[in-house]
Amino acid sequence: MLSGNELLTLAETENRTNINTIYGLMFGILDLAVLIFFILPLFGEREADYIHMVTLLSNTTIPSVIKTVYYIVLISMAAFGAFEIWIQRFKDERKMQICSTCSIWLHALTILVFAVSQEPYVTVLLFMLFMVKVVLLIKKSSMK
């Protein structure tokens, strides 16, 4: 038989693990959400005196080297998001913390890549997703 204090401690530990799992899943989903940048018309393509908004896949004015970098950072973020979702099934808080930290750094790098290459719409949307992650991290750390 467990005493009242032991039951409370056990319940708090389980609750913290469940909350960390939910936050980890949300981080993974936010990282996977960058896949929409391939199909949303967020990239400007200059045509004569006009700029048309096109998808990354259909943009023909971005140099191939820069387009390759875009693919690498976006696919890396999405793959890491899938990894984050997969790692949640092990309920290892240390691994989840490492994943959250890596996710923040990868997201910051992705924002930097698009900001430097002057893609304002993608940069703003990535920054908004980043701010959601920061708020989640703050809420997660305040629950400990």
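**View 1. Two annotated segments of the predicted model, seen along the chain.** Over residues 98–115 the chain is 100% helix and 0% strand, with its end C-alpha atoms 26 Å apart. Residues 121–138 likewise come out as 100% helix and 0% strand, and the end C-alpha atoms are 26 Å apart there. Helices here are DSSP runs of H or I with at least four residues, strands are runs of E with at least two, and both are numbered from the N terminus. An unreviewed UniProt entry places "transmembrane region" at residues 21–44, 64–86, 98–115 and 121–138; such annotations may be inferred rather than shown by experiment, and the positions follow the numbering used here. This is a predicted model, in which local features need pLDDT of at least 70 and side-chain atom pairs count only at pLDDT 80 or more, while totals for chains, interfaces and linings use all residues. Residues are numbered from 1 along each chain as its sequence is written, and side-chain values use heavy atoms, leaving out hydrogens and water.

**View 2. The salt bridge between Lys 133 and Asp 31.** Zoom in on these two side chains and you will find them meeting at 2.3 Å, N to O. The count comes to one salt bridge, under the rule that a side-chain nitrogen of Lys or Arg lies within 4 Å of a carboxyl oxygen of Asp or Glu. Lys 133 sits in helix α4 (residues 120–142) and Asp 31 in helix α1 (residues 4–32), so the pair ties together parts that are 102 residues apart in sequence. Lys 133 counts as buried because its relative accessibility is 0%, and Asp 31 counts as buried at 0% too. Buried means under 20% relative accessible area, with a 1.4 Å probe and protein chains only.

**View 3. Lys 67, a buried lysine with no salt bridge.** Lys 67 is found in helix α2 (residues 64–87). Where is the nearest side chain of opposite charge? That is Glu 45, 7.4 Å away.

**View 4. Phe 37 and the largest nonpolar core.** This core has 28 residues, and Phe 37 is among those with the most contacts inside it, along with Val 34, Phe 43, Leu 74 and Phe 114. A nonpolar core joins buried Ala, Val, Leu, Ile, Met, Phe, Trp, Tyr and Cys residues through side-chain atoms within 4.5 Å. Helix α2 gives the most, with seven residues.

Conventions:
Buried < 20%, exposed > 50% of the residue type's maximum accessible area, 1.4 Å probe, protein only. Lys, Arg positive; Asp, Glu negative; His and termini not counted. Contact = heavy atoms within 4.5 Å.
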